[in-house]
Amino acid sequence: MAAPAVTAAGAEEASPLSKGIARLLHELEVLPLNGEKAEVAGSFSPENFVLTNYSFWLLVAVVLMLVFFIVASRKSQLVPQGISNVAEAGVEFVRNNICVDVMGPEGKKYFPFIATTFFFVLINNLLGNIPPALPGTGTVGTTFVWGVIVFLVYNGIGIKKNGFVPYIKSLVPSGTPGWLAPLIFTLEVVSHILRPFTLGVRLFANMYAGHIMLGVFAVFMAISLEHFTPVSALVLPLSFVMQVLLRVFELFVAVLQAYIFTILTAVYISGALHASEH
Amino acid sequence: MTGSLSVLGAALAFGLGAIGPGIGIGMIGSKTIESMARQPEMAGRLQTTMFIALGMTEAIALLGFVLAFVLYGA
């Protein structure tokens, strides 16, 4: 017997299933476009700043977004037609259902940031559903950095609106007994620091999990075709149906996650704006 | 044989970690439907709040999911 594969679970030869899963995980790995993974010599060394498969599709998504909005806004008219109708519906949804609903009328001031977040995440998520493309948001690097941007923005807004010292003081609600204040303060700081993590991990994990699920059923189909047994006759159509259903579900998740990411951003900004009120 | 144990750990991490959020999301959904039935005119705002709560609950399950992959790779 040959030397056991690294990914194999036991001392036995790797089963077709674990081989398939390993290949699937490899497909979703972050790799430089020109092939091999570079030697890891400190994450921030200059030779690690290369175009990866994920950042390539992220750039494609951003270019698509730019083209879409430039084309849509080129011929602005009172009654929009065609593509500008779609763009206007999206923009209006973000302005009314996210900005104004969560932050009130003053939320319109932060509309550009909120809209950028929404359409960036949405188009990246949706692009991941077209087979050769990978979602730019399917890697923890993109989503976590976007979470950190949100963190900096909402804290910046809070500090600008309330002043630095009152904003920090507002972490402890007024009327807290003195001996409890340090504990509450620590808890609040931790919960604020966790926000970019949860924002990033939620989006990344949703996109990644969706692609793993699709991939697992694709692996089932491939295995049942390769080793055709009576069971395959059952597994094959079931996996196919699951693939189709999951694909539809993934489209729904793509929109939902963009919505949740944006609405949480709006909630955080709203909390920072009204920090001194409670 | 450490490999198979870490695979078991990964499955347990996700499986057990999904119980709590599963119950939580169910409660969010049922309470939202209940409130919507009582006050249909509040449906829009309830839905917004529901999605916020949903996002926060879901994050806990997904932490287990990420942990599962960390363990699977270990």
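Reader: In which hand does α3(A) pass α8(A)?

Author: This is a predicted model. In it, the axes of α3(A) and α8(A) come within 9 Å. The crossing in which α3(A) passes α8(A) is right-handed.

Reader: Are α3(A) and α8(A) roughly parallel or roughly antiparallel to each other?

Author: The axes of α3(A) and α8(A) cross at roughly 25°. Angles under 35 degrees count as roughly parallel. The two helices α3(A) and α8(A) are therefore roughly parallel.

Reader: Which residues of α3(A) make the contact with α8(A)?

Author: On the α8(A) side, the contact is made by Thr262(A), Ile263(A), Ala266(A), Val267(A), Ile269(A), Ser270(A) and Leu273(A). Taken over both helices, the residues of this contact divide into 9 nonpolar, 2 polar and no charged. From α3(A) come Ile98(A), Cys99(A), Val102(A) and Met103(A).

Reader: What does Ala266(A) touch, leaving out residues up to four places away in sequence?

Author: Ala266(A) is one of the α8(A) residues in the contact with α3(A). Its partners, with residues up to four places away in sequence not counted, are Ile98(A), Cys99(A), Val102(A), Met103(A), Gly107(A) and Ile114(A).

Reader: Which residues touch the most other members of the largest nonpolar core?

Author: That core has 50 residues. Both chains supply it: the elements giving two or more residues are α2, α3, α4, α5, α7 and α8 of chain A together with α1 and α3 of chain B. The members that touch the most others are Ile98(A), Phe118(A), Ala266(A) and Ile269(A).

Reader: Which element gives the most to this core?

Author: Among the elements that give two or more residues to the core are α7 (181–226) and α8 (230–273) of chain A. The largest contribution, 12 residues, comes from α8(A).

Reader: Is Gly271(A) exposed, partly exposed or buried?

Author: Gly271(A) lies in helix α8 of chain A. A residue is buried if 20 or more other C-beta atoms lie within 10 Å of its own, and exposed if 12 or fewer do. Gly271(A) has 16 C-beta neighbours inside 10 Å, so it counts as partly exposed.

Reader: How far apart in space are Gly271(A) and Val102(A)?

Author: In sequence, Gly271(A) and Val102(A) are 169 residues apart. Val102(A) is one of the α3(A) residues in the contact with α8(A). From C-alpha to C-alpha, Gly271(A) and Val102(A) are separated by 9.9 Å.

Reader: At what angle do α1(A) and α7(A) pack, and is α1(A) oblique or roughly antiparallel to α7(A)?

Author: The axes of α1(A) and α7(A) are 10 Å apart, and the helices pack at an angle of about 140°. Angles over 145 degrees count as roughly antiparallel. The angle of about 140° therefore makes α1(A) oblique to α7(A).

Reader: Which residues of α1(A) meet α7(A)?

Author: The α7(A) side consists of Gly215(A), Val216(A), Val219(A), Ala222(A), Ile223(A) and Glu226(A). Counting both helices, the contact divides into 8 nonpolar, 2 polar and 1 charged. The α1(A) residues are Pro16(A), Leu17(A), Gly20(A), Ile21(A) and Leu24(A).

Reader: Which element of chain B gives the most to the side that touches chain A?

Author: The contact takes 13 residues from chain B and 14 residues from chain A. On the chain B side, α1 (2–17) and α3 (43–73) each give two or more residues. That side divides into 8 nonpolar, 4 polar and 1 charged. With 10 residues, the element that gives the most is α3(B).

Notes:
Residues numbered from 1 in each chain as written. Chains lettered and ligands numbered in written order. Predicted model: local features only at pLDDT ≥ 70, side-chain atom pairs only at ≥ 80, totals over all residues. Contact = placed C-beta atoms within 7 Å. Helix = DSSP H or I, 4+ residues; strand = E, 2+ residues; numbered from the N terminus. Nonpolar A, V, L, I, M, F, W, Y, C, P; charged D, E, K, R; others polar. Core = buried A, V, L, I, M, F, W, Y, C linked by C-beta atoms within 7 Å. Axes fitted to C-alpha atoms, helices over the stretch in contact; angles between N-to-C directions. Parallel < 35°, antiparallel > 145°, perpendicular 65-115°, else oblique. Left-handed = near helix turned anticlockwise from the far one by under 90°.
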